[in-house]
Amino acid sequence: MRKSVLFFGFLLVFFGLALPGTQGKIIRRCDLVKILRKHGFEGFEGTTVADWVCLVQHESGYNTEAFHNNGASRDYGIFQINSQYWCDDGKTRGSKNACHIRCSKLQENIEDSIRCAKKIAREAHGLSPWYGWRNHCKGRNLRSYVKGC
């Protein structure tokens, strides 16, 4: 039994190293700060770049290929955009696809993710649709998220 567990662990490590694309692209914090500033996130719908960086850390861990299965719907990309309302993954019944985009594009191109995230924030007048932001960022001092950038 012990040998089979060790062998299984070895296989997991081997495939994890052999398939680097499965990890996604991790964007460094200060690189994300620069991208968000460039795309006008400071002051957008009453938010700060620090709000967005905090949101991204808690939603996707800065991973552009992040994915989370919620059961009936899924969240995609660095902003964890939901397939029930915002994108089409071909699996979610009754998807609204308000961003008019395939969900897989949100994992491939940060520009597409930015456009859709801004649409969500514009319609919500802020970041309340994201649980990661509400639970970990809202009303807190977020200066550390942009410090040194």
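Analyst: Here are the labels, each set against its cut-off.

User: What kind of model is this, and how are residues numbered?

Analyst: This is a predicted model: local features need pLDDT of at least 70, side-chain atom pairs count only at pLDDT 80 or more, and totals for chains, interfaces and linings use all residues. Residues are numbered from 1 along each chain as its sequence is written, and side-chain values use heavy atoms, with hydrogens and water left out.

User: How confident is the predictor in the chain?

Analyst: The term is pLDDT, the predictor's confidence in each residue, from 0 to 100. The chain averages 88. A score of at least 70 is reached by 84% of the residues. Residues 1–22 have a pLDDT below 50. Beyond near neighbours in sequence, that stretch has one contact in the model (heavy atoms within 4.5 Å). Where pLDDT is low, the predicted coordinates should not be read in detail.

User: What counts as a helix or a strand, and how many of each are there?

Analyst: Both are DSSP runs, numbered from the N terminus: helices are H or I with at least four residues, strands are E with at least two. The chain has six helices and three strands. Along the sequence the pattern reads α-α-α-β-β-β-α-α-α.

User: Why is Thr47 called buried?

Analyst: Buried means under 20% relative accessible area, exposed over 50%, and partly exposed in between (1.4 Å probe, protein chains only). Thr47 has a relative accessible area of 5%, so Thr47 is buried. Thr47 sits in the loop between α2 and α3. Leaving aside residues up to four places away in sequence, Thr47 touches Phe41, Glu42, Trp52, Gly126 and Leu127. Across the chain, buried residues make up 41% of the 149 residues.

User: What makes a nonpolar core, and which residues have the most contacts inside the largest one?

Analyst: A nonpolar core is a set of buried Ala, Val, Leu, Ile, Met, Phe, Trp, Tyr and Cys residues joined through side-chain atoms within 4.5 Å. The largest has 37 residues. Those with the most contacts inside it are Leu32, Leu36, Trp52, Val53, Phe79, Ile81 and Trp130. Two or more residues each come from α2 (29–38), α3 (49–60) and α5 (110–124). The most come from α3, with seven. Leu32 touches Ile27, Val53, Val56, Tyr62, Ile78 and Ile110, not counting residues up to four places away in sequence.

User: How do you know that the length of α5 agrees with what a helix should span?

Analyst: The expected span is 1.5 Å times one less than the number of residues. With 15 residues, α5 should span 21 Å. The end C-alpha atoms of α5 are 21 Å apart, so the two agree.

User: Which residues of α5 are buried, and what covers them?

Analyst: They are Ile110, Asp112, Ser113, Ile114, Cys116, Ala117, Lys118, Ile120 and Ala121. The cover includes α2, α3, β3 (81–82) and α4 (105–108). Just after α5, His125 takes a positive phi of about 55 degrees.

User: What makes Cys30 and Cys149 a disulfide?

Analyst: A disulfide is a pair of cysteine sulfur atoms within 2.5 Å. For Cys30 and Cys149 the S to S distance is 1.9 Å, and a disulfide joins them. The torsion about their S-S bond is about -70 degrees, so this disulfide is left-handed. Cys30 is in helix α2 and Cys149 in the segment after α6 (131–136), 119 residues apart. Cys30 has 22% relative accessibility, so Cys30 counts as partly exposed. Cys149, at 26%, is partly exposed too.

User: Why is the disulfide of Cys99 and Cys116 called right-handed?

Analyst: The torsion about the S-S bond of Cys99 and Cys116 is about 90 degrees, so the disulfide is right-handed. Their sulfur atoms are 2.1 Å apart. Cys99 lies in the loop between β3 and α4 and Cys116 in helix α5, so the pair ties together parts that are 17 residues apart in sequence. Cys99 counts as buried at 15% relative accessibility. Cys116 is buried at 3%.

User: How many disulfides does a search of the whole structure find?

Analyst: The search finds four. One of them joins Cys54 and Cys137, with sulfur atoms 1.9 Å apart. Both of these cysteines are buried. With the bonded cysteines numbered in sequence order, the pairing is 1-8, 2-7, 3-5, 4-6.
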